[in-house]
Amino acid sequence: MIPGGPHGEVGAPELARLGATIAADEPAFLRDLEALVGVDCGSYTKDGVDEIGRWTATFLEHLGASLVIHPNESLGDTVVGTIDGDPAGPRVLLIGHLDTVFPVGTAAERPFRIEEGIAHGPGVTDMKSGLLSGLYAVRALRTLAGSGEGGGATLPFARLTFVANPDEEIGSPVSTPVIRELARDADVCLVLECARANGDIVSSRKGNLGLTATIRGRAAHAGVEPEKGRSAILAAARLTVALHDLNDRWPGVTVNVGVLEGGTRPNVVAERARLEVDVRAVTRGSLEAAEAAIRDLAAAPAVPDVAIELEETGRHWPMEKLEPSGRLVELAVAIAGQLGFELREAATGGASDANTTAGLGVPTLDGLGPIGGLDHSPGEYLEVASIVPRTTLLAGLLLAISRDPGVRGWRP
């Protein structure tokens, strides 16, 4: 067992040893980061996502994890590694994702590089560095336990489960059932998205709902007998205005039509149109209210004899800050203070797998990777100097969770 202080405390000597182990591993971390960033692994690039998944599975095996691979024919496979430890300890779920938003060819166009302490490359922040922080933090705990890599010493968790998700960037359609099943038996979940650009961790996230609206009208000659037509484009335009009018009807709710397409030729009254809609909300109740309003609009098109069909394309319920999650924030802030830096929590508008676990009532923290920013853009970057302190923070937080007397009382 890892020795510990009273009441869940993590001592300065232990944090120093964790930090020294992780600092010694930093060159290997950077080599691994370069290798992972060099693989095209957009969500729909199954070969690339699975290459990252196989690499992650091998790392987990070296840590002594038992593996379960959940295959998928079109998207990447979901990798789950489990390390059993002290039966009296908590059950912890770690989640990182394998995919990026970038198309094939991006890795060659923007290869990994470090300039003036800043690392660049597709997925360097979102979230190859967070994925690696999770793996290297667990390895540091193994070392602290005296086991070394792949050894037999017991970690202070009844079970530590690491999920490597292949499809987070498209809403986790294939991995969410796996995450839900594992989360139902977890005491705590830590999600490895990188910290905000100012260093904040994430304790709450907006929920999001993706909808596609298909509008069906009636075609007609636009010059000869337009009165016989029913314009799907006109109905789509009026629906777009009505949807945007929902913004801020409920505090924190945003509705955005990001795609509008339709019609065939300028001299034909459009028979069909399509909208892609993004809805975000701070609370589950406001997301449900916004969805109900949208469905009411679709049921009563502004153009007569037009039909509107809504299809849900993705959903994350809001990650509302649970009361026990506040304790996780306190532990993280305390560990950061011992490491010599200030840590704050933040709310953010983007959804992640933390929405899923928090929505099931599991105390959850996110944004626990290194510091970076400009995700999903050519300017995506990572602060190299943040790798060691933030990975040490994660390892120290895991250790503090294992010792906190209140955690075991959170079990669903």
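Buried means under 20% relative accessible area, exposed means over 50%, and partly exposed lies in between (1.4 Å probe, protein chains only).

I'm working from a predicted model, where local features need pLDDT of at least 70, side-chain atom pairs count only at pLDDT 80 or more, and totals for chains, interfaces and linings use all residues. Residues are numbered from 1 along each chain as its sequence is written, and side-chain values use heavy atoms, with hydrogens and water left out.

**Helix α5.** I looked up which residues of α5 (176-183) are buried, and got Thr176, Val178, Ile179 and Ala183. Seen down the axis of α5, these fall within an arc of 160°, so they line one face of the helix. The arc is taken from the directions from the helix axis to the C-beta atoms. As a reminder to myself, an α-helix has 3.6 residues a turn, so residues three or four places apart point the same way. Helices here are DSSP runs (H or I, at least four residues), as are strands (E, at least two), numbered from the N terminus.

What do the buried residues of α5 pack against? I found β1 (66-70), β2 (78-84), β3 (91-97), β6 (159-165) and α9 (353-359), with contact meaning heavy atoms within 4.5 Å.

**Salt bridges.** I get 25 salt bridges in the structure, each one a side-chain nitrogen of Lys or Arg within 4 Å of a carboxyl oxygen of Asp or Glu.

- Arg230 and Asp305 meet at 3.0 Å, N to O. They join distant parts of the chain, 75 residues apart: Arg230 sits in the loop between β10 (207-216) and α6 (232-244), Asp305 in the loop between α7 (284-299) and β13 (307-316). Arg230 is partly exposed at 21% relative accessible area, and Asp305 is exposed at 52%.
- Glu291 and Arg315 form a salt bridge, also listed at 3.0 Å, N to O. This pair ties helix α7 (Glu291) to strand β13 (Arg315), 24 residues apart. Is Glu291 buried or exposed? Buried, at 12%, while Arg315 is partly exposed at 23%.
- Arg327 bridges to Asp404, with the closest N and O atoms 2.7 Å apart. Arg327 is in helix α8 (323-339) and Asp404 in the segment after α10 (387-403), 77 residues apart. I have Arg327 as partly exposed at 30% and Asp404 as buried at 5%.
- Arg91, Arg159, Asp185 and Asp187 are connected in a salt-bridge network.
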